Amino acid sequence: MNDINTGFIAHIAAWRERPYALGKSDCVTFVCEWVDAVLGTDYMARVRTRLDYADNIGVLSAIKQPGGYEALVRAFCGEAAHPDAAWERGDIALFLTGKGEVALGLLGEHLVYAPDRDGLAAVDCSRVLKFWRLPCLKQ
């Protein structure tokens with residue numbers, strides 16, 4: 001995708017109307033679909049294959065593994081960026097939701113976006129725990 005800003009805005013807009021469904025339209029699929037669109041990869045297929053990420057049992061098993069979401073991202077992206085590094089729009093974030101849960105999302109200028117049961121959520125970037133710069137993916 002040549003214009004990251006236009007693509008990011010389109011991705012966010014498309015997900016605003018998408019109903020939440022664990023394993024089909026959740027925070028992991030939200031991030032993977034973005035990465036695949038930007039980099040021309042098929043990491044969502046790799047996540048589904050490697051982690052049996054297709055139904056509620058597989059999804060819950062994947063995120064309940066030691067390290068949870070962070071371990072999932074590290075398996076595909078390596079280590080998180082240095083805490084003092086600056087993020088850019090579209091980078092991957094591990095963050096605390098407004099409900100105090102850990103989730104994956106995409107960084108905007110001042111907000112982190114991720115789907116939840118109430119729709120597409122946006123929380124302040126101060127809730128970011130770790131982030132990964134794009135392109136960050138392991139082969």
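**Core, helix packing and a strand residue**

In this predicted model, the largest nonpolar core has 38 residues, of which Val28, Phe30, Ile92, Leu104 and Val112 touch the most other members. Helix H2 supplies the largest share of this core, with eight residues. In soluble globular proteins, nonpolar side chains tend to be buried together.

**Phe30 in the core**

- Phe30 is one of the core residues that touch the most other members.
- Beyond its neighbours within four places in sequence, Phe30 contacts His11, Ile12, Trp15, Gly105, Leu106, Tyr113, Ala114, Pro115 and Leu120.

**Packing of H1 and H2**

- Helix H1 (residues 4-16) and helix H2 (residues 27-39) have axes that come within 11 Å and cross at roughly 150 degrees.
- The crossing of H1 past H2 is right-handed.
- On the H1 side, the contact is formed by Ile4, Gly7, Phe8, His11, Ile12 and Trp15, and on the H2 side by Thr29, Phe30, Glu33, Trp34 and Val38.
- Sorted by class, this contact of H1 with H2 has seven nonpolar, three polar and one charged residues.

**Leu96 in strand S1**

- Leu96 belongs to strand S1, which covers residues 92-96.
- Leu96 counts as partly exposed because its relative accessibility is 29%, between the limits of 20% and 50%.
- Leaving out residues up to four places away in sequence, Leu96 touches Glu101, Val102, Val123, Arg127 and Leu129.
- Between Leu96 and Arg127, the C-alpha to C-alpha distance is 5.4 Å, although 31 residues set them apart in sequence.

Definitions and conventions. Residues numbered from 1 in each chain as written. Predicted model: local features only at pLDDT ≥ 70, side-chain atom pairs only at ≥ 80, totals over all residues. Heavy atoms only, no water. Axes fitted to C-alpha atoms, helices over the stretch in contact; angles between N-to-C directions. Helix = DSSP H or I, 4+ residues; strand = E, 2+ residues; numbered from the N terminus. Left-handed = near helix turned anticlockwise from the far one by under 90°. Contact = heavy atoms within 4.5 Å. Nonpolar A, V, L, I, M, F, W, Y, C, P; charged D, E, K, R; others polar. Buried < 20%, exposed > 50% of the residue type's maximum accessible area, 1.4 Å probe, protein only. Core = buried A, V, L, I, M, F, W, Y, C linked by side-chain atoms within 4.5 Å.
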